[in-house]
Amino acid sequence: MTELETAMGMIIDVFARHAGTDGNSQSLSKGELKVLMEKELPGFLKSGRDKETVDKLLKDLDANGDATVDFNEFIVFVAALTSACHKYFQQGGAK
């Protein structure tokens with residue numbers, strides 16, 4: 001597999017590992033999203049337990065209003081975060 005194919009597979013795998021622990025394997029509940037972020041993006045939450053950040057993120061990501069984040073909503077988040085990181089590093093990163 002190519003690097004990009006591997007990366008895509010890893011994103012799918014991360015979603016699948018975290019979705020469904022609360023019942024629905026097709027979406028992430030607020031609790032599942034929080035655990036995913038703590039494990040996969042530990043620098044994203046200030047303390048790793050920032051409830052307000054998780055609440056706002058869930059609200060922003062939940063395009064269909066079902067109080068969960070499905071894979072399509074999750075991939076929009078991953079793409080936006082990746083784009084922001086790219087822009088940050090293009091501008092020289094932290095100075």
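The largest pocket of this predicted model is lined by Ala7, Met10, Ile11, Val14, Leu36, Glu40, Leu41, Phe74, Phe77, Val78, Leu81 and Thr82, where a pocket is an open set of points on a 1 Å grid over the protein atoms alone at which a 1.4 Å probe fits, with protein on both sides within 12 Å along at least five of seven lines, and lining residues have an atom within 4 Å of a point. The volume of the largest pocket is about 250 Å³, a volume being the space filled by probe spheres set on the points, which are joined across faces, edges and corners. Helices α1 (3–18), α2 (30–40) and α4 (71–90) each contribute at least two lining residues, and α4 gives the most, with 5 residues. By class, the lining has 10 nonpolar, 1 polar and 1 charged residues.

The model is predicted, and local features need pLDDT of at least 70, side-chain atom pairs count only at pLDDT 80 or more, while totals for chains, interfaces and linings use all residues. Residues are numbered from 1 along each chain as its sequence is written, and side-chain values use heavy atoms, with hydrogens and water left out.

The chain holds 4 helices and 2 strands, which run α-β-α-α-β-α from the N terminus on; helices (H or I, at least four residues) and strands (E, at least two) are DSSP runs. Of its 95 residues, 27% count as buried, a term that stands for under 20% relative accessible area, with exposed meaning over 50% and partly exposed in between (1.4 Å probe, protein chains only). Among the contacts in the chain with a separation of 6 or more, 39% join residues 24 or more positions apart, contact meaning heavy atoms within 4.5 Å.

Two loop residues can be described in turn. Ser29 lies in the loop between β1 (27–28) and α2, and counts as buried because its relative accessibility is 15%. Not counting residues up to four places away in sequence, Ser29 touches Asp22 and Thr68.

Ala67, in the loop between α3 (51–61) and β2 (69–70), counts as partly exposed because its relative accessibility is 48%. When neighbours within four places in sequence are left aside, Ala67 is in contact with Leu58 and Asp62. The C-alpha atoms of Ala67 and Ser27 are separated by 9.6 Å, although these residues stand 40 residues apart along the chain.

Conventions:
Ala, Val, Leu, Ile, Met, Phe, Trp, Tyr, Cys and Pro count as nonpolar, Asp, Glu, Lys and Arg as charged, and the others, Gly among them, as polar.
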